[in-house]
Amino acid sequence: MKIASADVIVTCPGRNYVTLKITTEDGVTGIGDATLNGRELSVVSYLRDHVCPLLVGRDAGRINDIWQYLYRGAYWRRGPVTMTAIAAVDCALWDILGKVTGQPVHRLLGGAARDGVMIYGHASGGTIDELLDDVAGYLDQGYKAVRVQAAVPGLDSTYGLHHPGTGHTYEPADAAMPSDNAWHTPYYLDFAPKMMKAVRDRFGYDFHLLHDVHHRLSPLEAAQLGKSLEPYRMFWIEDATPAEDQEAFRTIRQHTTTPLAVGEVFNSIWDCQYLIGNRLIDYIRTSVSHTGGITHLRKIFDLADLHGVRTGSHGAGDLSPVSFAAALHLDLTVPNFGIQEYMGHLDPAGEVFKTSYTFEDGYMHPGDAPGLGVEIDEEAAARYPYEPRYLPVNRRLDGSMHDW
Ligand code: EZ4
Ligand code: CO
């Protein structure tokens, strides 16, 4: 099981994806997602220039040792670039182990603890009426949980809306330069409860309702939002405040029973330790691909389990089908699974990534193919060359920078 080669594939079937492919001397291949939205080539270089040469000749079955070698061995630890690169290696090695042993990764992780993985879909609208139509579509498809976002009146752009013509929620990315979005907190705090009321009035309470604040509020504003949404029994509000200031979550919690989720921009267990250890959040949103792979995310989930925190991994469309599959394998096995985000992928991505996960009645299953169950078609990938793109930035009405 010696590693013969490690190659990086960059492709843009609708959006950029970076994939690491590891090949053993016996010709077994494994793939891992190395996509860091809007900063893709930094991970490409990290892998090509600094990691791939270290992998050749190593035993692909020593997943833990290779993880530690790359983490401790770099000296410069953590950070999104490093941890996304390590994640790609880790997932590719789990994929190889699965193929060599003939087992789906979820079996190697101890086996399924549930029959399927509950996912949430992304409903949005330029108006509340459009949003309600979109929610109806998800409920008709059998979704048990829906995230809702709608254009905030008075602002000319809002996070989380479908890209025109794609039926798909963003992001990013805009070619050439990041676009400027506008933000004004009072408009949002006024609008958000009206949006949730409209959704519950029309569809009732027999499904889970989620919402992403996307790091935009102060602790007290987030507390106000949480209180104003209590009548609508949210499954969670996500990223209510920018999480560098973790004490903020204590303030929010002192004021509201609306559940809190955070973590999509975290990249190690150390980013989560305080929030989980102090029970300041309800759901941890760290992902396979930005948090060191299955090996490291598993530790975060175990830590969360000790403290009554459940999982709710990031699953936006900028995470490739490879990491989405890896997430489903892990989700299927952990006792404290909560929910999995699913944004889906644009059509051309289906030409490049051949997946075996399935959807039925609101639940997904990673399938029982050996490994992760995803293959990359490199000829198709080559038809969609890399395109520079950026996430938007956010400015307040006075022109000053705000969190996007
Ligand atoms: O904005 O993944 O919950 N999902 C999100 C995402 C993030 C993107 C950034 O690349 O917040 O839509
Ligand atoms: Co989010």
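**Exercise 1.** Find the residue that stands opposite Ala 145 in β8, and work out how strand β5 and β8 pair.

*Solution.* Start at Ala 145: the residue facing it in β8 is His 208. Strands here are DSSP runs of E with at least two residues, numbered from the N terminus, while helices are runs of H or I with at least four. Two strands pair if DSSP finds at least two bridges between them. Strand β5 (residues 145–150) and β8 are joined by three bridges, in the parallel sense. A word on the ground rules: this is a predicted model, in which local features need pLDDT of at least 70 and side-chain atom pairs count only at pLDDT 80 or more, whereas totals for chains, interfaces and linings use all residues. Residues are numbered from 1 along each chain as its sequence is written, chains are lettered from A and ligands numbered from 1 in the order in which they are written, and side-chain values use heavy atoms, with hydrogens and water left out.

**Exercise 2.** Describe the site of the cobalt ion (ligand 2): which residues are its protein donors?

*Solution.* Count as donors the N, O and S atoms within 2.8 Å of the metal (3.2 Å for Na, K and Ca); water is not among the atoms, so sites may look incomplete. The protein donors are Asp 212 (OD), Glu 238 (OE) and Glu 264 (OE), at 1.9 to 2.2 Å. Their spacing in sequence reads D-x25-E-x25-E. Asp 212 in strand β8 and Glu 238 in strand β9 are 26 residues apart, so this pair links distant parts of the chain.

**Exercise 3.** Are Asp 212 and Glu 238 buried or exposed?

*Solution.* Take the cut-offs: buried is under 20% relative accessible area, exposed over 50%, and partly exposed in between (1.4 Å probe, protein chains only). Asp 212 is buried because its relative accessibility is 2%. Glu 238 is buried too, because its value is 0%. Finally, look at strand β8 (residues 208–212): four of its five residues are buried.
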